[in-house]
Protein chains: 6
Amino acid sequence: MSSRPDGRAADQLRPITITRNWQAYAEGSALIEFGDTKVLCAASVTEGVPRWRRGSGLGWVTAEYSMLPRATLTRNDRESVRGKIGGRTHEISRLIGRSLRAAVDLSALGENSVAIDCDVLQADGGTRTAAITGAYVALADAVSWLDKRGSLAKKTPLINSVSAVSVGVIDGEPRLDLMYEEDVRAETDMNVVVTGNGEFVEVQGTAEGVPFRRDELDALLDLAVAGCVELAGHQHKALGG
Amino acid sequence: MSSRPDGRAADQLRPITITRNWQAYAEGSALIEFGDTKVLCAASVTEGVPRWRRGSGLGWVTAEYSMLPRATLTRNDRESVRGKIGGRTHEISRLIGRSLRAAVDLSALGENSVAIDCDVLQADGGTRTAAITGAYVALADAVSWLDKRGSLAKKTPLINSVSAVSVGVIDGEPRLDLMYEEDVRAETDMNVVVTGNGEFVEVQGTAEGVPFRRDELDALLDLAVAGCVELAGHQHKALGG
Amino acid sequence: MSSRPDGRAADQLRPITITRNWQAYAEGSALIEFGDTKVLCAASVTEGVPRWRRGSGLGWVTAEYSMLPRATLTRNDRESVRGKIGGRTHEISRLIGRSLRAAVDLSALGENSVAIDCDVLQADGGTRTAAITGAYVALADAVSWLDKRGSLAKKTPLINSVSAVSVGVIDGEPRLDLMYEEDVRAETDMNVVVTGNGEFVEVQGTAEGVPFRRDELDALLDLAVAGCVELAGHQHKALGG
Amino acid sequence: MSSRPDGRAADQLRPITITRNWQAYAEGSALIEFGDTKVLCAASVTEGVPRWRRGSGLGWVTAEYSMLPRATLTRNDRESVRGKIGGRTHEISRLIGRSLRAAVDLSALGENSVAIDCDVLQADGGTRTAAITGAYVALADAVSWLDKRGSLAKKTPLINSVSAVSVGVIDGEPRLDLMYEEDVRAETDMNVVVTGNGEFVEVQGTAEGVPFRRDELDALLDLAVAGCVELAGHQHKALGG
Amino acid sequence: MSSRPDGRAADQLRPITITRNWQAYAEGSALIEFGDTKVLCAASVTEGVPRWRRGSGLGWVTAEYSMLPRATLTRNDRESVRGKIGGRTHEISRLIGRSLRAAVDLSALGENSVAIDCDVLQADGGTRTAAITGAYVALADAVSWLDKRGSLAKKTPLINSVSAVSVGVIDGEPRLDLMYEEDVRAETDMNVVVTGNGEFVEVQGTAEGVPFRRDELDALLDLAVAGCVELAGHQHKALGG
Amino acid sequence: MSSRPDGRAADQLRPITITRNWQAYAEGSALIEFGDTKVLCAASVTEGVPRWRRGSGLGWVTAEYSMLPRATLTRNDRESVRGKIGGRTHEISRLIGRSLRAAVDLSALGENSVAIDCDVLQADGGTRTAAITGAYVALADAVSWLDKRGSLAKKTPLINSVSAVSVGVIDGEPRLDLMYEEDVRAETDMNVVVTGNGEFVEVQGTAEGVPFRRDELDALLDLAVAGCVELAGHQHKALGG
């Protein structure tokens, strides 16, 4: 069995740090670190919902993912300078938004909107899963903020916690929480979003080159669920639970 | 158990039609129909590869997905008029491209590029999976075209066939090949891309509202693999096999 | 006198086919073929008119023209990918819209809008004139749809039928309905839009290289009017007349 | 017979002024006035031609038309601020470019490019025809500039002069050179581009509302040819002929 | 001491010409010339203010700066064609707007907006300062126009006149009103906006290469204030004062 | 005399912190804090220079400024989402770039480029001046990195240090280093960029409402120079001097 670049066991997460309230002005914020991956998540509350949703009594939660130009080994051009958002950015923003909405009873939220910005300050693999995991913490604080103001339609909009982790097969071995060096070598790469009680919100598996078998898929899902349980613990602790 | 809008069994595909060479000028083309869903797939070959790939000896395969404004029940604005491509379009184009590349030995393709355009002429659910399934047929003909011109680096670039199908849970029942009316009601929605020998290229499952359990996931994967085997038969037949 | 690539007489149209209701969801649609040129026309009705027209009691009719990337011999980039619509596309869309509005009494239409999408699936010359001719059929069905719903302000919004054809001078010979191979060689190229009773809606003649004389212009107008009379017959028949 | 707003006869041009060399830096320039319509035309020469034309031995001539925001009665937003060029602007720029190319033997021009900017400083109808007429003067001076530098492939690239004028039917009366107040009321509106020896380069006639008969078309063409002969005289005089 | 390209003294302005009411339709307009630099300034009045300002009782003044493609020695691409406005254009437009707002008591203006377009027809250095100086004249006429219509909230919205001039250090010598040839050689370049009674609205000094000392800064400010006093005289005279 | 929101003296900076090498991958980076204002500056080196500069033997230094959506009290839309960069962002990016180039002997840099990204993570006024001050530290480290690789044309490209600070008049009192609450109330606002030996690189003063007198300008310049001397000390210390 091959050893990992940072000496971790195949089923071991990187060191996880969640710094709550990193930004002074947001209604909820967290700087989350999965090893050298650092994502700043900020939740912004606005009264009201988009036009197409008005009068429904339901709230709305969205996310925007972005990466600083020099979060990575070599510099990437800004999407604002290129004048359009790339396909990868769109795809990840949509994934984060869907995942967070699975955590929320939108009727309890009332006609309020929460926008979560996930800005990757440093990228060493797993940025989208770190973003989801950190965004949940920011969202939870934004919901508390609404609660304190008496703006919720019902008491408990948060029906699940959600966290996410990447898993993959490298040199035939299923591994948890890939760092960048592993990610580029993975034969199969999967991002899994799991609720606090171990059910699935999203499963996105991709063969990089060689298609994967059902037994590999099963092993990866096992790893991911175990990793997300651990991440849920970190979220709980960060939120003072 | 609830019955389906068109009376199909839960594990039954809609009528599948593949009209090969629908367009006169493309190096490969197919009009594929999954019931009322109609997608026109056209493969365009160009010599050479994008700049970042030159000198690698490897070919390249990409896809672009789009929908006519009135493919759907109500008209959608053109992305060319809005001046930018939406997140959903980007995401599907990337999925189709990745799926097709899993069918190809890019070193056998040589430094040639194949661009597959998948234009949805009519949409009744499952457009992305129909697009992948039809695009494979167009791709196979484009590869034959290259072969006849003696432009391949090695004889057999096509190492797998790929097809795709949607599956979902509606009223608690796992179903194969969702039509639009089912798609909007699905609790869980999954698109699965499978090779001709039953291995996975992509698994993309999303909880719409309620998270899903491992046993539901397993049932959906079983349905999808069986459906894709059937689709591989249609592809084989269309290609004169 | 030189012979035409497909053996037609100088004053002969290509085979014309109009398949009414090709798309299932549009309020009116037609797939029109001028030989190998195939254009899908779909009419979409919306209640109300653009802001600048509100309260006028008048309806509005617009058109958008587009071409699939591989409608042509070599692939063209999508305008949605380039992020802007080219000058040629704009110009043709405006021409189609103006031509259709000449067919309609906008006060009888009431404050309803009809948007006609003309998507070229295959292009062998004369795409804009085929689009106008097919769009009229889609428009007529959309008007009937409004009539059945009781949404018209007066009974007969259709005051003219309109059809269009290209004419040109090749090797000194005036010819009707140019195919692509002729179009690129034409010394003079003219698109003419004519009502069902032989009056002009648009005349757009361009010298490609050598300016043209008044007698050449007259000969081309004669050809075009005769061709449009024949096209009006095809429209009438397609509409069940 | 109805009288015109400025008391002109139906076949009379507005006062025409051409100020040659209005801009100090362009290789050719002219401020042209058709009554209150003022267009500044500037010709810029660059060595070489666009990539798709290299090695052909042929030159290239293009034009760009634009209007200052307050050239008109009410202010229009800048196209640079809106971030895209409107359909009308594209269409007119293409018309001017085609018209000028009809004046030039591109093989005599050699692989040089001339770009003509036509900026409307004040607009009282007929801006596109004034632009063509003025642009010819700027083009002629740019060709002389190339000649003096010894950069032409053959001696006489200018094979025709071109000028343009609008004509239209107002209250049933065919009129020459419409001012804005007439233009908005015209039943039929036609822009005609004519060479110095009275042949046609472009004929663009549009029914505004009511289709037009062949005899009306003929009367408008007669007016336009006579008007362009007069404009050719103004061009000749401005160029010191 | 080095002599200037046009023989002026170091503290001398170029010949200044202000042609009031150059455009027929604007509520105020002026063609201003600083030597060979020519800028057309047009003020457009609209009732009401931008949404974020409504109900404030305050008016609004903005400016847009642009340059014709061939205002300069070599042609520049149009920003409308490039599809976006460059940083320099934005910066100058904002500067002109701020400078003009310093001339106006926005509460006296009432909820009216004045947009000033400054289009550079010919550029020989100092275009932004000429634009500010000319824009003030157009603004003053637009304010009079509002006054005559009885649309002002109070009688005297114009509390200052503003004019602007560039100064710079060339070969160690501080000079007033740089022409292009001097501008490119300047070690330090400063644009100064001054009110009619000699107070500062904007001071923008930039070291081009070598940082500048406090005594150089002081000398430049002295020159600029003297120049602006002279420009204020030209404005006063143009406005019939 | 009015007291400041945080109790500082009028000539006192906020607490300044510079964390060198905050980002792991950039050739130079610094997180700079002016009180609650936090800007992350990252320098990226690339071999070669933009096309227009090739063969000159000179290097190039640019900067891009941006703000996270929730750096501020209320959320701002991303410029990447809006599809274009605002005027303010352009203006600040250009200012930072010019300021840094004043620090560098570009001939000593050789044909290498340094791009400095300044991303505002939290904004409490003075973000552009904090960005310049922090960017210098990142630039210095990028130059050392080039030196260690032997890529410099001459030994000492850094000829000056540069730092920047805002000053302004609030309630008639000139103050150093304005925080947001002061910035919005300032009558005059000035950003000053100063070299390590007290000479000026940029002076940008703006009257907000009331024009300012020469003696006020002088007082602000005195404050700014003193503040920048102190900032130069912080830079020196951060760089291990």
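Colleague: At what N to O distance do the side chains of Asp141(F) and Arg20(F) meet in a salt bridge?

Modeller: This is a predicted model, in which local features need pLDDT of at least 70, side-chain atom pairs count only at pLDDT 80 or more, and totals for chains, interfaces and linings use all residues. Residues are numbered from 1 along each chain as its sequence is written, chains are lettered from A and ligands numbered from 1 in the order in which they are written, and side-chain values use heavy atoms, with hydrogens and water left out. A salt bridge requires a side-chain nitrogen of Lys or Arg within 4 Å of a carboxyl oxygen of Asp or Glu. For Asp141(F) and Arg20(F) the N to O distance is 2.7 Å.

Colleague: Which chains are joined by the salt bridge between Asp119(C) and Arg78(B)?

Modeller: The side chains of Asp119(C) and Arg78(B) meet at 2.9 Å, N to O. Asp119(C) is in strand S5 (residues 112-122) of chain C, and Arg78(B) is in the loop between strand S4 (60-67) and helix H1 (79-82) of chain B. Asp119(C) is buried at 3% relative accessible area, and Arg78(B) is buried at 8%. The pair crosses between chains C and B.

Colleague: How far apart in sequence are the parts tied together by Arg98(B) and Glu202(B)?

Modeller: These side chains meet in a salt bridge of 2.5 Å, N to O. Arg98(B) lies in helix H2 (residues 87-101) of chain B and Glu202(B) in strand S9 (residues 200-207) of chain B, so the parts they tie together are 104 residues apart.

Colleague: How many residues of strand S6 (residues 162-170) of chain B are buried?

Modeller: In a regular strand the side chains alternate between the two faces of the sheet. Val162(B), Ala164(B), Ser166(B), Gly168(B) and Ile170(B) point one way from S6(B), while Ser163(B), Val165(B), Val167(B) and Val169(B) point the other way, and all are buried. The count is 9 of 9.

Colleague: Which residue in strand S7 (residues 173-176) of chain B stands opposite Val167(B)?

Modeller: Two strands pair if DSSP finds at least two bridges between them. S6(B) runs antiparallel to strand S8 (residues 188-195) of chain B, with 8 bridges, and antiparallel to S7(B), with 4 bridges. In S7(B), the residue opposite Val167(B) is Leu176(B).

Colleague: How many of the 22 residues of H4(A) are buried?

Modeller: Helix H4 (residues 127-148) of chain A reaches 31 Å from its first C-alpha to its last, close to the 32 Å expected at 1.5 Å a residue; the expected span is 1.5 Å times one less than the number of residues. H4(A) is largely enclosed by the rest of the structure, because the number of its residues that are buried is 18.

Note on methods. Helix = DSSP H or I, 4+ residues; strand = E, 2+ residues; numbered from the N terminus. Buried < 20%, exposed > 50% of the residue type's maximum accessible area, 1.4 Å probe, protein only.
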